[in-house]
Amino acid sequence: MTTATVSRWDRFRESFFWYSFKRDKVAIASFIVLLSMVLSAIFAPLLAPTDPYDLAQINIMNSELPPVGMNGADEAFPLGTDAQGRDMLSTILYGTRVSLMIGFGAVLLQAVLGILFGLLAGYLGGKVDSVLMRIADVQLSFSTLMVAIIVGAVFKASFGNLMFGEIAIYMLIFIIGVAEWPQIARTVRASVLAEKKKEYVDAAKVMGFGTGRIMFRHILPNTLSPIFVIATVQIANAIISEAALSFLGLGMPETQPSLGSLIKSGFDYIQSGSWWITLIPGLVLVVLVLVINLLGDWLRDVMNPRLYKG
Amino acid sequence: MTSPLMSIRGLEKKFDLSGSLLEQLQFEGGRLRRKQEAVHALNGVDLEVHKGEALCVVGESGCGKSTVARTVMGLLSPTAGEIHYDGERIDHLSGKQVLPYRRKMQMIFQNPYASLNPRMTIQQTLEEPIRFHHPDWKTDRVKAKVQDVMQSVGIDADWGSRFGHEFSGGQRQRIAIARALAVDPEFIVADEPISALDVSIQAQVLNLMMEAQEQRGLTYLFITHDLAVVEHFGTRVAVMYLGRVCELADTRTLFSNPRHPYTQALLSAIPKLEDDRPNHIRLQGEVPTPVNLPSGCVFHGRCPYANERCRTEVPALITTDGGTQVACHAVEENRL
């Protein structure tokens, strides 16, 4: 039997998923760009010429140097420096790292909450469903940013600026994660409603398996495709939300800048000619969100059950 | 006669149509009234399944065959009535209490394309129930049991690492049978297990089920609408119409001497190769809706022998001299 030895990798290489990825140039390009951004963010401490968190390496005399190729540029700072004399390249690498951490962290939290509540609402139905979905409706009727601004402002006022700076990243993950869970919960609930009518669920019930086992081992794996699609888009959304909050001054502090707070810190100097402090992190943010969204689009096309049944 | 393995008494199942309390309230003639509607899927079904037999339940679409199967297996809870297994009442048991019966009673489903979890390999599908019901078994023993059960249904033991969608319908149904057999049940409810299969495969699966019955001493409750299958497979046959059993007899007796007018019409509708028979019995009208059940005998609107008593009084199952149980006033009064 040759088929008995089919490994997971072989199975993946024969799958429609891999086949359509190989044929989609946009998806390949997006994936390469995203992968290189993620890798350079993960290895930022190794790649960056300086450590922007280390005040000893920063010299205020180097502030607002333009990128290489312009008048007055310094070879040591290929993308120029910001108003505090930090190397833009290093700061952007570290900033991408912060933005990605918040994006992935927030979506992880959303996924945990959304999957749990979506499964419970869809599978148990009845009153549990009504209560959970009404909570989700109420939650969705608030704009994410509004909730985040209020919670952020309250935290900032009660903890003080210094303390807030230390916990800001967890705060942002928490705020964005909690504010957006209904998106995933609704998607999960919809697919659970479709799956739970299938006979393999009845077969599991007849076996005497418990509710938790049926929900997590039998139904959840069959609802993963739409979760993947929506989670990809939600990562991009979370990164944008974080950037917006940081731009409003409620996000990451200046000392640990994310892409959003970099844009904000440069915004004050844009009129004085130092456009690169805002423009370059802005471009990085746009590219990052764009490639994630393009990948999400491709993923949706591949996993759309109407186009492809797997 | 020994006591039955499974006995169903006065089983009723209603499916509510009217929704929540707010949706039930209606204005009628200026007054607020509460209006409730339900589909009466089962209206007092009495059945007994004896050890070692294959009781076939036949009837047309919507007569409640599958509802009987699902209620017996606990997938639906009955509105009224009792289900006894081996002398113990099981329909009101919950959670842990019902677990020992889960092992003794298993089910085979209609659609083999939906009854296997698409994200699990065959090995996982078959291992899970064994591990669940025998948590003390070692991995070797579980694997040996899976191999054993796969061989017994004619599935190559090397196919364990494959997924359900890589198999044909017949093979999937074999795997579904293997899953049911994996926990060594005594009693199997089969809900139209071959109606989704190719005709050429149907016989194979049917023979497999009969082999398993011989080797393991299984008892079947077999739901089907295929009368040819009943003749081949069934020990006894129950004919259902609109949620009631109208005739219950040994297979041979039923086919040679049907008593109930509905059974007679049903059997005369079997296509035969010879063309010299008189035309089959044509029933008038349609099956009434199970939302508003007819009074009296559920069949009276279409029955050529119906009289006033049939319109008012519900017939009970009576045993005739041939051993057949019939729910029909005409048979009781010797009008038929």
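This note goes through a predicted model, point by point.

1. The core. The largest nonpolar core holds 159 residues, and the members that touch the most others in it are B:Ala178 and B:Leu221. Helix H5 of chain A, residues 88–124, supplies the largest share of this core, with 17 residues. As background, nonpolar side chains in soluble globular proteins tend to be buried together.

2. Which residues does B:Leu221 touch once its neighbours within four places in sequence are left aside? The contacts are B:Met6, B:Val49, B:Leu55, B:Val57, B:Ala69, B:Val72 and B:Val189.

3. A pair of helices in chain A. Helix H8 spans residues 199–206 and helix H9 spans residues 211–219; their axes come within 11 Å and cross at roughly 140°. H8(A) and H9(A) are therefore oblique to each other. The cut-off matters here, because an angle has to be over 145 degrees to count as roughly antiparallel. The crossing of H8(A) past H9(A) is right-handed.

4. Where these two helices meet. On the H8(A) side the residues are A:Tyr200, A:Val201, A:Ala204 and A:Lys205, and on the H9(A) side they are A:Ile214, A:His218 and A:Ile219. By type, the contact of H8(A) with H9(A) is made of five nonpolar residues, one polar and one charged.

5. The contact between the chains. Chain B gives 21 residues to the contact and chain A gives 17 residues. On the side of chain B that touches chain A, the elements giving two or more residues are helix H3 (99–104), strand E8 (105–108) and helix H4 (122–133). That side of chain B contains eleven nonpolar, five polar and five charged residues.

6. Backbone at B:Asp86. This residue is not a glycine, and its phi is positive, near 55°. B:Asp86 sits in the loop between strand E6 (80–85) and strand E7 (88–89) of chain B. Is B:Asp86 buried or partly exposed? B:Asp86 has 15 other C-beta atoms within 10 Å, so it is partly exposed; a buried residue would need 20 or more.

7. Backbone at B:Leu242. Here too phi is positive, at about 45°, in a residue that is not a glycine. B:Leu242 lies in the loop that runs between strand E11 (236–241) and strand E12 (244–250) of chain B. With 24 other C-beta atoms within 10 Å, B:Leu242 is buried.

How values were computed:
Residues numbered from 1 in each chain as written. Chains lettered and ligands numbered in written order. Predicted model: local features only at pLDDT ≥ 70, side-chain atom pairs only at ≥ 80, totals over all residues. Core = buried A, V, L, I, M, F, W, Y, C linked by C-beta atoms within 7 Å. Buried ≥ 20, exposed ≤ 12 C-beta atoms within 10 Å, placed from the backbone. Helix = DSSP H or I, 4+ residues; strand = E, 2+ residues; numbered from the N terminus. Contact = placed C-beta atoms within 7 Å. Axes fitted to C-alpha atoms, helices over the stretch in contact; angles between N-to-C directions. Parallel < 35°, antiparallel > 145°, perpendicular 65-115°, else oblique. Left-handed = near helix turned anticlockwise from the far one by under 90°. Nonpolar A, V, L, I, M, F, W, Y, C, P; charged D, E, K, R; others polar.
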